Amino acid sequence: MNVPQGKEMIRLVAEVRELLPDLLLTLGAVERLNPPPDLLARIEALRTRLKRVAEEARRLEEASDCMPAAEKGRQPRS
């Protein structure tokens, strides 16, 4: 993967991660409207997946913070 593409992917992950709390809050607001049981089940399944995605995005973002230092450490020394 080239560096510009990698940076773009990291930026995209960060943006998705910023959206997740609002999505979870929105799901909570929909739940308070007393939707039918089938919709409540879908909301719960979606909430579980969103939390998993948020955790993975956090891990990827943290790992990307280490990437420049790792790359610098791999460069041949003169």
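**Figure 1. A nonpolar surface patch formed by Leu12, Val16 and Val53.** In this predicted model, Leu12, Val16 and Val53 together present about 230 Å² of accessible area at the surface. A patch is made of residues with over 30% relative accessible area and no salt bridge; like charges are joined within 9 Å, and nonpolar side chains (Val, Leu, Ile, Met, Phe, Trp, Tyr) within 5 Å. Accessible areas come from the Shrake-Rupley method with a 1.4 Å probe, and for residues only the protein chains shown count as cover. Leu12 belongs to helix α1, which spans residues 3-31. Leu12 counts as partly exposed because its relative accessibility is 48%; the term buried applies under 20% relative accessible area, exposed over 50%, and partly exposed in between (1.4 Å probe, protein chains only).

**Figure 2. The fold as a whole.** The protein contains two helices and zero strands. Helices (H or I, at least four residues) and strands (E, at least two) are DSSP runs, numbered from the N terminus. Buried residues make up 14% of the 78 residues of the protein. Residues are numbered from 1 along each chain as its sequence is written, and side-chain values use heavy atoms, with hydrogens and water left out. Because the model is predicted, local features need pLDDT of at least 70 and side-chain atom pairs count only at pLDDT 80 or more, whereas totals for chains, interfaces and linings use all residues.

**Figure 3. A salt bridge between Glu8 and Arg11.** The structure holds nine salt bridges, each defined as a side-chain nitrogen of Lys or Arg within 4 Å of a carboxyl oxygen of Asp or Glu. In the one shown here, the N to O distance between the side chains of Glu8 and Arg11 is 2.3 Å. Glu8 and Arg11 are separated by about one helical turn, because they stand three residues apart in helix α1. Glu8 is partly exposed at 41% relative accessibility, and Arg11 is partly exposed at 37%.

**Figure 4. A salt bridge between Glu61 and Arg17.** The closest N and O atoms of Glu61 and Arg17 are 2.5 Å apart. Glu61 lies in helix α2 (residues 37-74) and Arg17 in helix α1, so this pair ties together parts that are 44 residues apart in sequence. Glu61 counts as partly exposed, with 22% relative accessibility; Arg17 is likewise partly exposed, at 31%.

**Figure 5. A network of salt bridges that includes Glu55 and Arg58.** Salt bridges link Glu55, Glu56, Arg58, Arg59 and Glu62 in a network. Between Glu55 and Arg58, the closest N and O atoms are 2.2 Å apart. Both of these residues, Glu55 and Arg58, lie in helix α2, three residues or about one turn of the helix apart. Glu55 is partly exposed, its relative accessible area being 30%, and Arg58 is partly exposed at 25% relative accessibility.

**Figure 6. The surroundings of Arg47 and the position of Lys7.** Arg47, in helix α2, counts as buried because its relative accessibility is 12%. Apart from neighbours within four places in sequence, Arg47 is in contact (heavy atoms within 4.5 Å) with Leu24, Leu27, Gly28 and Glu31. Lys7, in helix α1, counts as exposed at 57% relative accessibility. The C-alpha atoms of Lys7 and Ser64 are separated by 8.9 Å, although these residues are 57 residues apart along the chain.
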